[in-house]
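Subject: Structure handover

Hello,

Below is the structure I said I would pass on. My notes on what was found in it follow.

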Amino acid sequence: AIQGIGPKSARTLEKLGLRNLGDLLWHLPRRYADYSQLKTINRLWYGEEITIIGAVDEIHIRSTRGGQMKLVEGVISDGTGSLRVTWFNQPWIAEQLRPGRAVVLSGRIDQYLGRLTMNNPEWEPLERQQLHTNRIVPVYPLTAGVTAKWLRRVISSVVTRLAPRLPDPLPDSILRSAGLMPLGIALQQIHFPDDHRQLEQAQHRLAFEEMFLLQLGVLGQKREWTGLTSPPLVVETSWLDRFCQSLPYPLTASQQAALADIQADLASPRPMNRLLQGDVGSGKTVIA
């Protein structure tokens, strides 16, 4: 149902465990690249993860290592300065980045021969909605045959269509009392966050829901367990007294309290579900 996913792409996505739209919707990023900072070229510093907007001045391809590797080299300018950019083994980029085209570039600022450069940056045309640049960019688990850009576009399409229509398992009263964003918004922000605050709120919402549903499951198990019945097992006091008197030592107060709890559990019409815990040598075995 998603444009760009045919039988071949579907088989490739199966390697990531992605077989339907729901799998894509819940294929959460494993980390994020923060390209939300936008700077002019004259203000760039070595080592920054940054976004620039400019026009292509030059673009050409050259071969290295005896023709085994092709480098696409370009020069981008924005009126304040120029920056040399390089892509490795992606010759088709030279066809797409014609001189004069306005582009958005995001990546890490490197240095070569004393000049600042950018190697293998993410790029997009300036007129398009930015999924890969000028924002906090999701980084997903990948497999052979799946590129980061392609998967990002696919997941963006799924999130845009499905996230607003997803039923929220948490009632409005819980959302209000816990200060949580609705599930649809949380999924949109966990994939393509507007800023760090929205990302943190989305992560908190999904983590809260996971723990909330886990607690409901535990409470449901407890309710089911306490609803069961079993024949009471009454321990004769006279037998228990004889056993304790035959020991070469008296029981401690803690042992006597544990023994009384177990007696009460066994005499109850419900199954016992108790953990006997204590340090080494504290006397668990004699109680058992």
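Leaving aside residues up to four places away in sequence, Lys39 touches Leu44, Trp45, Glu48, Ile50, Thr51 and Ile52, where a contact means heavy atoms within 4.5 Å. This lysine is found in the loop between strand E1 (31-34) and strand E2 (49-64). Helices (H or I, at least four residues) and strands (E, at least two) are DSSP runs, numbered from the N terminus. With a relative accessible area of 16%, Lys39 is buried; the word means under 20% relative accessible area, while exposed means over 50% and partly exposed lies in between (1.4 Å probe, protein chains only). Its side chain also makes a polar contact with the side chain of Glu48, at 2.5 Å. A polar contact is a pair of N or O atoms within 3.5 Å; within protein, one must be able to donate a hydrogen and the other to accept it, and residues adjacent in sequence count only if both atoms are side-chain atoms.

A note on the source: this is a predicted model, in which local features need pLDDT of at least 70 and side-chain atom pairs count only at pLDDT 80 or more, while totals for chains, interfaces and linings use all residues. Residues are numbered from 1 along each chain as its sequence is written, and side-chain values use heavy atoms, with hydrogens and water left out.

Next, the cores. A nonpolar core is a set of buried Ala, Val, Leu, Ile, Met, Phe, Trp, Tyr and Cys residues joined through side-chain atoms within 4.5 Å. The largest has 24 residues, and Leu24, Leu25, Leu151 and Ile155 have the most contacts inside it. Two or more residues each come from helix H2 (21-25), helix H4 (148-162), helix H6 (183-191) and helix H7 (196-226). H4 gives the most, with seven residues. Apart from this core lies another, of 19 residues, including Leu44, Val103, Leu105 and Met118.

Then the strands, which pair if DSSP finds at least two bridges between them. Strand E4 (residues 82-88) and strand E6 (residues 115-119) pair in the parallel sense over three bridges, and Val85 stands opposite Met118 in E6. Strand E5 (residues 102-112) pairs with E6 in the antiparallel sense over four bridges; here Gln111 stands opposite Leu116. The hairpin of E5 and E6 has two residues between the strands, and Leu113 takes a positive phi near 55 degrees in it.

Last, Gly6 is in the segment before helix H1 (7-14) and is partly exposed, at 27% relative accessibility.

Regards
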